[in-house]
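Good morning, and thank you for coming.

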Amino acid sequence: MKQGWTGVVLAGGRSSRMGRDKALIEVEGRTLLDRALDKLDVHCAELLVIGEPEKYGHAGPFVIADEWPGKGPLGGIATAMRYASNDKLLVIACDMPALNDRLFDLLKAQLGTATDAVVPRHEGLIEPLAAAYHRSAQPAFRRCVELDVLKMSDALSQVRTSHVEVIPGRDGWPLDLFRNINMPSDL
């Protein structure tokens, strides 16, 4: 069900290891940004891109400048929470092309009234840039950004977070599910 959900693509970041803007890299004729939007469009009634409107305006009228540029994904997520029309957000980074419908369905199903965040976890790692968030986390996230506490794990410890075990390569999950494209060799 799309109703009640805002899909958020985080397109900011310096892309320093890539040497050029990752969001605008084309894979099979579509930019990583457009591919991420396509994936979320199936699951969300509203789409937002958090990034520079001058760079990503081609994606549509829903590109919002990060309120805290240079403060990492946490600032982008807090910005999205401020501007989203819905209380529930499905948030992904633009550089994770293997995220799939099964993951999005699982995250959406797990975000309930007693949870502010649902974050995949595997082998001791968390994937907060492929997660579901409720707007109720916004005050804590904003406070963390303002205090320069920018690690997602630190911010998540301030809200009601539940983790779902999603182990790539097991139980039908693709091995590359959480693969990031960070360098030209990752393409």
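This is a predicted model: local features need pLDDT of at least 70, side-chain atom pairs count only at pLDDT 80 or more; totals for chains, interfaces and linings use all residues.

Let us consider the overall build. The chain contains 6 helices and 10 strands. Its radius of gyration is 15 Å, close to the 16 Å that the globule rule gives for 187 residues, so the chain is as compact as a globular protein of that length. The C-alpha trace spans about 40 × 40 × 30 Å along its principal axes. Of the 187 residues, 50% count as buried. Among contacts with a separation of 6 or more, 69% join residues 24 or more positions apart.

As for charge, there are 22 positive and 25 negative side chains. The centres of these two sets lie 2 Å apart.

I turn now to helix H5, which covers residues 138-146. Which of its residues are buried? They are Gln-138, Ala-140, Phe-141, Cys-144 and Val-145. Viewed down the axis of H5, these buried residues fall within an arc of 165°, so they line one face of the helix.

What do the buried residues of H5 pack against? Their partners are helix H3 (72-83), strand E9 (130-134) and helix H6 (152-156). Finally, just after H5, Asp-148 takes a positive phi of about 65°.

How values were computed: Residues are numbered from 1 along each chain as its sequence is written. Side-chain values use heavy atoms; hydrogens and water are left out. Buried means under 20% relative accessible area, exposed over 50%, partly exposed in between (1.4 Å probe, protein chains only). Helices (H or I, at least four residues) and strands (E, at least two) are DSSP runs, numbered from the N terminus. The arc is that of the directions from the helix axis to the C-beta atoms. Contact means heavy atoms within 4.5 Å. The radius of gyration is taken over C-alpha atoms; the globule rule is 2.2 Å times the number of residues to the power 0.38. Lys and Arg count as positive and Asp and Glu as negative; His and the chain ends are not counted. The place of a charge is taken as NZ of Lys, CZ of Arg, CG of Asp or CD of Glu.
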